[in-house]
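This briefing sets out selected features of one protein model, grouped by topic. Please read it alongside the sequence and the structure shown below.

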Amino acid sequence: MTDRRAELARNLAKVEERIAAACAAAGRPRDEVTLIVVTKTYPASDVRILSELGVRQVGENRDQDAAPKAAACADLPLEWHFIGQLQTNKVRSVVGYADFVQSVDRDRLVTALSREAVRAGREVGCLLQVALDAGASGRGERGGVAPAGIEELAGLVADAPGLRLDGLMTVAPLTGEYAGREQAAFERLVDLSTDLRRSHPTATMVSAGMSADLEQAVAAGATHVRVGSAVLGVRPRLG
Ligand SMILES: *Cc1c(COP(=O)(O)O)cnc(C)c1O
């Protein structure tokens, strides 16, 4: 076993233990929570090792980085989640490999995703990224739709050919009323998901929690956690 393989195996086991403990503490079955390993900034060789270690879901946030990596890993049984802010001029590329786009936050993006999904003959699972710190503009600092905009955007996705409305995603806000209150933020997302499922019962995914706050996400009821640095190491650059 190479050093890197041993390191990733060890980190993965630790994260797995944390998720299992958080599920046990919350009285939730372990299989209610899916781990997405965020491989951004790390090479395709790491993705390959992770796949050999049993990882099936990976997350990326920049198309320039993700597209060649996904191409290099096309033989692996992975599902790719795009989790970063997405410009419409990158949509064609992203739709080429992403099984899920978790950062759907505006009408124009829905239109572009639908057009490219149809063109590619693919169905893309969409999560609406919710900005719990959205200001008067109705959008978050780091993207995301304000809670008041969810229903309308959800309707657009649900009606768009080539797209499937799968749920909601958030990142714990650094500012506003939820700053420093990760669990409260994630509980709010779960409440919003409950509301959404009244009109869209199959939109069951709740993606919340990262390396630092996955326990709070599991406690709040998240179905998917997105964990990068706790598995791969602290990233050498921002991403
Ligand atoms: C980078 C990133 C993660 C993973 O963050 P870590 O702190 O490395 O676990 C999760 N979600 C999003 C949207 C990210 O950009």
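Leaving aside its neighbours within four places in sequence, Val231 is in contact with Leu8, Asn11, Leu12, Val15, Val37 and Leu50. The model in which these contacts occur is a predicted one. Val231 is also among the residues with the most contacts inside the largest nonpolar core. The points below take up the cores, the ligand site and several individual residues.

**Nonpolar cores**

- The largest nonpolar core comprises 69 residues.
- Alongside Val231, the residues with the most contacts inside this core are Val101, Leu113, Leu128, Leu163 and Val225.
- Another core, of 6 residues, lies apart from it, and its members include Ile83, Phe100, Leu127 and Met169.

**Ligand site**

- Lys40 places a polar side-chain atom 2.7 Å from an oxygen atom of the ligand.
- Arg235 likewise has a polar side-chain atom at 2.7 Å from a ligand oxygen atom.
- The ligand taken alone exposes 390 Å², of which the protein buries 88%.

**Gln102 in strand E4**

- Gln102 belongs to strand E4, which spans residues 100-104.
- Gln102 counts as buried because its relative accessibility is 0%, below the 20% limit for that class.
- The side chain of Gln102 forms a polar contact of 2.7 Å with the side chain of Ser207.
- Beyond four places in sequence, the contacts of Gln102 are Ile36, His81, Phe82, Ile83, Leu127, Leu128, Gln129, Met169, Ser207 and Arg226.

**Val110 in helix H5**

- Val110 sits in helix H5, which covers residues 107-120.
- With a relative accessibility of 4%, Val110 is classed as buried.
- Apart from neighbours within four places in sequence, Val110 is in contact with Val104, Leu153, Leu156, Val157, Ala160 and Leu163.
- Glu60 lies 50 residues from Val110 along the chain, and their C-alpha atoms are separated by 19 Å.

- Asp46 is part of helix H2, formed by residues 44-52.
- Asp46 is buried, since its relative accessible area is 3% and buried means under 20%.
- Not counting residues up to four places away in sequence, Asp46 touches Arg4, Leu8 and Leu232.
- Leu8, touched by Asp46, is also in contact with Val231.
- Thr41 occupies the loop between strand E1 (34-38) and H2.
- Although Thr41 is not a glycine, it has a positive phi of about 70°.
- Thr41 is likewise buried, at a relative accessible area of 17%.

**Gly149 in a loop**

- Gly149 lies in the loop that runs between strand E5 (124-129) and helix H6 (150-159).
- Gly149 counts as partly exposed because its relative accessibility is 22%, and that class falls between 20% and 50%.
- Gly149 and Val130 are 19 residues apart in sequence, with their C-alpha atoms 8.9 Å apart in space.

Note on methods:
Residues numbered from 1 in each chain as written. Predicted model: local features only at pLDDT ≥ 70, side-chain atom pairs only at ≥ 80, totals over all residues. Heavy atoms only, no water. Polar contact = N/O pair within 3.5 Å; in protein donor to acceptor, adjacent residues only side chain to side chain. Areas by Shrake-Rupley, 256 points an atom, 1.4 Å probe, with all protein chains shown as cover. Core = buried A, V, L, I, M, F, W, Y, C linked by side-chain atoms within 4.5 Å. Buried < 20%, exposed > 50% of the residue type's maximum accessible area, 1.4 Å probe, protein only. Contact = heavy atoms within 4.5 Å. Helix = DSSP H or I, 4+ residues; strand = E, 2+ residues; numbered from the N terminus.
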